[in-house]
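Please take a moment to look over the sequence and the three-dimensional structure shown here before reading on. The paragraphs below are meant to be read with both in view.

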Amino acid sequence: MTCFPRLSRRLGFSTERSYEVDDEVAGIHNVKTYSYKELSIATNDFTFANKIGEGGFGSVYKGRLKNGKIAAIKVLSAESRQGVGEFLTEINVISEIEHENLVKLYGCCVEGNHRILVYNYLENNSLAQTLLGGGHSSLHFSWRARSRIAIGVARGLAFLHEEVRPHIVHRDIKASNILLDKDLNPKISDFGLAKLIPSHMTHVSTRVAGTIGYLAPEYAIRGQLTRKADIYSFGVLLVEIVSGRCNTNTRLPIEEQYILERTWELYERRELVALVDTSLNGDFDAEQACRFLKIGLLCTQDTPKLRPSMSIVVQMLTGQISVDNRKIMKPGLISDFMDLKVRGSPKTKPHSKISSYTASSSSDTIDNSTFSSETTTYATTFTTTYDKSADVSM
Ligand SMILES: Nc1ncnc2c1ncn2[C@@H]1O[C@H](COP(=O)(O)OP(=O)(O)OP(=O)(O)O)[C@@H](O)[C@H]1O
Ligand SMILES: [Mg+2]
């Protein structure tokens, strides 16, 4: 249902401003808008008891809509507020995109300063809180469930990358953005949010900058964003799904802390199977599991061009294309860069890799960067550019 004819009245703007808003929304038909009051009733005044999570954009609440549907209601924080027209235009694009492996956007609220997104509620939370939640979840992920999740995520991403026009680069593929329905079907969330955030947010939002451990080196260091950066993040996620562990775990011995380093080492020793989650108690298809890990390595190769497209990844995961005859190059790692930041300044601990970047890049996009190894979120002050020319050639 479209509520735009009445939108300006509900937004409570002055008459002059209302005409502007009416103009802006004139061509938009597929987005449902909710009043702030309705969402407030749905969440019992955004009460803490209904809060189901908090991310870089703001808080997420569970609520029951007027039509009885349960929804996840994401209240964007003050920094992410932007013009009504721009917000609605982007929402319009996102709301038209439908795929079984993408979270469905029900609609939005743009009232006064409020910017709220209303999504289909997914019963089984995110992969981060369940599979990688350190045993706090009662869910069991069999090998079959993991393989379905990996293939589903790959399909959703292939759809965003290759079928939607213009293509959408997610920019933040990670375990907390993979939500699970009651049957453990995976749904990629936040796939349109990158587009909704004003450019100045790149300086403050961990989300826009990405999340450490999933960031492709060329994106992290040079701000060069193409679909290949998503493919890198997918590769990391794939290895997490097979191994059941987070990409970075500082409690492990140093040589095992970074999952990609570990995967590469085991690959070279032809012992990839040792990485498969021990909680499966050996109940998995070893050939398939090792194939998935090799695909993870293919996706995370240092040279973006060498990473396969997502549609090829889907075919490799489903066994339609063989992986065995593919040469796999060493993964691109920013752990050296992370190491540098955690353990000392470039002055006290020079490192060839990062110093060559900083030396050669006074005009480069990094000005300053910080991260916390505990939260594994990463904030870097760079201007993100969507590198279209690079994308075409990759
Ligand atoms: N549609 C949904 N259904 C059920 N739970 C959801 C839904 N959307 C979000 N959540 C929950 O809210 C949490 C916060 O989501 P949000 O996207 O705001 O942050 P995040 O993914 O953890 O981090 P980031 O902001 O970096 O994406 C999620 O981890 C998930 O547990
Ligand atoms: Mg999210």
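Predicted model: local features only at pLDDT ≥ 70, side-chain atom pairs only at ≥ 80, totals over all residues.

Two packed helices are described by the angle between their axes and the distance between the axes. With these two quantities in mind, the reader can follow helix α11, residues 286–299, through its contacts with other helices.

Consider α11 together with helix α9, which covers residues 227–243: their axes come within 7 Å and cross at roughly 155°. An angle over 145 degrees counts as roughly antiparallel, and α9 and α11 are therefore described as roughly antiparallel to each other. The crossing of these two helices is left-handed. On the side of α9 the contact is made by Ile231, Tyr232, Phe234, Gly235, Leu238, Val239 and Val242, which meet Ala289, Phe292, Leu293, Ile295, Gly296 and Cys299 of α11. Sorted by class, the residues of this contact are eleven nonpolar and two polar, with no charged residue.

The next partner is helix α12, residues 310–317, which packs against α11 at an angle of about 165°, with the two axes 10 Å apart. Are α11 and α12 roughly parallel or roughly antiparallel? The pair is roughly antiparallel, because the angle between the axes is about 165° and angles over 145 degrees are counted in that way. Here the crossing is right-handed. In this contact Phe292, Ile295 and Cys299 of α11 meet Val313, Met316 and Leu317 of α12, and by class the contact has six nonpolar residues, no polar ones and no charged ones.

A further contact joins α11 to helix α10, residues 259–268, where the axes come within 11 Å and cross at roughly 120°. What does this angle make α10 relative to α11? It makes α10 oblique to α11. The crossing of α10 and α11 is left-handed. The residues that meet are Thr263, Trp264 and Tyr267 in α10 and Leu293, Gly296 and Leu297 in α11, and they divide into four nonpolar, two polar and no charged.

In the loop between α3 (36–42) and β2 lies Asp45, a residue whose phi is positive, at about 65°, although it is not a glycine. Further along, the peptide bond that joins Arg165 and Pro166 is cis, with an omega of about -10°. Pro166 itself is found in the loop between α5 (143–163) and β7 (178–180).

Conventions:
Residues numbered from 1 in each chain as written. Chains lettered and ligands numbered in written order. Axes fitted to C-alpha atoms, helices over the stretch in contact; angles between N-to-C directions. Helix = DSSP H or I, 4+ residues; strand = E, 2+ residues; numbered from the N terminus. Parallel < 35°, antiparallel > 145°, perpendicular 65-115°, else oblique. Left-handed = near helix turned anticlockwise from the far one by under 90°. Contact = placed C-beta atoms within 7 Å. Nonpolar A, V, L, I, M, F, W, Y, C, P; charged D, E, K, R; others polar.
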